Amino acid sequence: PEIPVLTIDGPSGSGKGTISRAVAARLGWHYLDSGALYRAIGVAAGWADLDLADPAALVRCAFDTDIGFRPDAAGEPRVVVNGVDATDELRTETAGAAASAIAAIPEVRAALRDRQRAFRRPPGLVADGRDMGTVIFPDARRKVFLTASAEERAERRYKQLKDKGVSVTLDGLLREILARDARDASRAVAPLRPADDAVRIDTTGLGIDTVVERVLALMHP
Ligand code: C5P
């Protein structure tokens with residue numbers, strides 16, 4: 001029988017990661033953080049000093065980079081890139097910007113396609129990203145598209161970074177978010193857009209628990 005998939009797509013800061021992890025835990029399903037794969041390639045490219053303007057080198061990097069997800073002693077997911085724990089480095093703005101640049105290369109996306117589909121294992125998968133419902137799992141049982149105003153997304157990110165002691169300005173973050181949105185939405189391959197059959201949820205002003213319950217309600221109609 002077909003292994004069910006729930007796709008959760010949306011722009012950065014829409015709450016996708018937090019919501020997807022919580023929903024996967026509640027369903028007892030596997031979880032794919034597809035953005036982490038693109039970030040991992042970005043980080044590996046940085047380690048190897050590759051030129052972000054050299055697509056052939058980046059495509060080789062996408063094929064050659066070993067990426068593993070494993071929980072630490074506390075059950076928190078860690079991302080291991082070529083044998084090195086890169087979890088913290090993956091979350092930096094530098095890694096995000098590199099990921100976004102690399103993600104615009106069609107052969108890189110193709111290189112990651114089967115790796116993403118391999119996460120589809122019983123009893124089910126919650127897949128979080130930009131093109132989970134449109135390209136990677138078009139046959140998903142349910143598709144969600146999460147949005148939030150750019151201002152709210154910048155504020156969420158600001159709080160996260162401040163908690164980590166990173167110094168940034170709200171204004172700078174808002175500009176970065178708008179620039180990344182524009183790049184992700186306008187690229188020729190797999191642009192960020194809701195699948196035709198996706199349910200849109202605007203999370204502006206909504207708490208995490210409310211959104212989790214709304215998504216779960218879609219799974220038990
Ligand atoms: O979701 P996250 O912010 O970790 O993704 C980082 C970048 O990777 C995004 O800005 C986007 O350009 C790219 N990405 C993508 N397709 C995905 C997931 C992420 O293009 N499925």
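Predicted model: local features only at pLDDT ≥ 70, side-chain atom pairs only at ≥ 80, totals over all residues.
Student: What does UniProt place at residues 7–220?
Tutor: The record, an unreviewed entry, gives "domain: Cytidylate kinase" there.

Student: And how much helix and strand is in that stretch?
Tutor: Over residues 7–220 the chain is 51% helix and 16% strand.

Student: Where does UniProt put the "binding site" feature?
Tutor: In the unreviewed entry the feature takes in Gly10, Pro11, Ser12, Gly13, Ser14, Gly15, Lys16, Gly17 and Thr18.

Student: Take glycine 10. Where is its place?
Tutor: Glycine 10 is in the loop between strand 1 (5–9) and helix 1 (16–27).

Student: Is glycine 10 buried or exposed?
Tutor: Buried, because 27 other C-beta atoms lie within 10 Å, and the cut-off for buried is 20 or more.

Student: What is glycine 10 in contact with, leaving aside neighbours within four places in sequence?
Tutor: Lys16, Phe145, Leu146 and Thr147. Lys16 is itself listed in the UniProt "binding site" feature.

Student: Now threonine 18. Which element holds it?
Tutor: Helix 1.

Student: Switching to the ligand. Which residues come nearest?
Tutor: Gly35, Tyr38, Ser100, Ala103 and Gly129, out of 14 residues around the ligand.

Student: Which helices each supply at least two residues of that shell?
Tutor: Helix 2, helix 5 (93–102) and helix 9 (170–186).

Student: Which one gives the largest share?
Tutor: Helix 2, with 4 residues.

Student: How do the shell residues divide by type?
Tutor: There are 3 nonpolar, 6 polar and 5 charged.

Student: Back to helix 2. At what angle does it cross helix 3?
Tutor: Roughly 115°. Helix 2 spans residues 34–47 and helix 3 spans residues 55–64, and their axes come within 10 Å.

Student: Left-handed or right-handed crossing?
Tutor: Right-handed.

Student: Which residues make the contact?
Tutor: Helix 2 brings Ile41, Ala44 and Ala45. Helix 3 brings Leu58, Cys61 and Ala62.

Key: Residues numbered from 1 in each chain as written. Axes fitted to C-alpha atoms, helices over the stretch in contact; angles between N-to-C directions. Left-handed = near helix turned anticlockwise from the far one by under 90°. Contact = placed C-beta atoms within 7 Å. Near = placed C-beta within 6 Å. Nonpolar A, V, L, I, M, F, W, Y, C, P; charged D, E, K, R; others polar. UniProt positions renumbered as here; feature names shortened; annotations may be inferred. Buried ≥ 20, exposed ≤ 12 C-beta atoms within 10 Å, placed from the backbone.
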